[in-house]
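Hi,

Here is the structure I promised to pass on. Have a look at it first, and then read my notes below.

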Amino acid sequence: MQNLSTFKQKHLPYIANSFRYPYKTGRIEGTNHKIKIFSRVVHGYRSFRNYRYRIILHFKLKDVE
């Protein structure tokens, strides 16, 4: 019981914030996972620039440059 009460006291503000604010990290984590899988599949690109363009094209992202 000591560990549970310590855990609860330590993490209670963070748990409350997860209910209070509408921001969730699920979409970002999903995108990061897809990029990791994508990098395993296309490990043969010659340059990082081509790899980056392929990710932007695949996810229909806007180019920052």
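Going along the sequence, the pattern is α-α-α. The model is a predicted one, and it holds 3 helices and 0 strands. The accessible surface of the protein is about 6600 Å², with 59% of that belonging to carbon and sulfur atoms. Of the 65 residues, 9% are buried.

Now to the inside. Phe38, Val42, Tyr51, Ile55 and Phe59 form the largest nonpolar core, which has 5 residues. The most is given to this core by helix H3, residues 48-59, which supplies 3 residues. In soluble globular proteins, nonpolar side chains tend to be buried together.

You will find Val42 in the loop between helix H2 (26-41) and H3. Its relative accessibility is 16%, so Val42 counts as buried, the cut-off being under 20%.

Phe7, Leu12, Ile15 and Phe19 make a nonpolar surface patch of about 450 Å². Among them, Phe19 sits in helix H1, which covers residues 2-20. Is Phe19 buried or exposed? Phe19 has a relative accessible area of 72%, and therefore it is exposed, since exposed means over 50%.

Best wishes

Methods
Residues numbered from 1 in each chain as written. Predicted model: local features only at pLDDT ≥ 70, side-chain atom pairs only at ≥ 80, totals over all residues. Heavy atoms only, no water. Helix = DSSP H or I, 4+ residues; strand = E, 2+ residues; numbered from the N terminus. Buried < 20%, exposed > 50% of the residue type's maximum accessible area, 1.4 Å probe, protein only. Areas by Shrake-Rupley, 256 points an atom, 1.4 Å probe, with all protein chains shown as cover. Core = buried A, V, L, I, M, F, W, Y, C linked by side-chain atoms within 4.5 Å. Patch = residues over 30% accessible without salt bridge, like charges linked within 9 Å, V, L, I, M, F, W, Y side chains within 5 Å. Salt bridge = Lys/Arg side-chain N within 4 Å of Asp/Glu carboxyl O.
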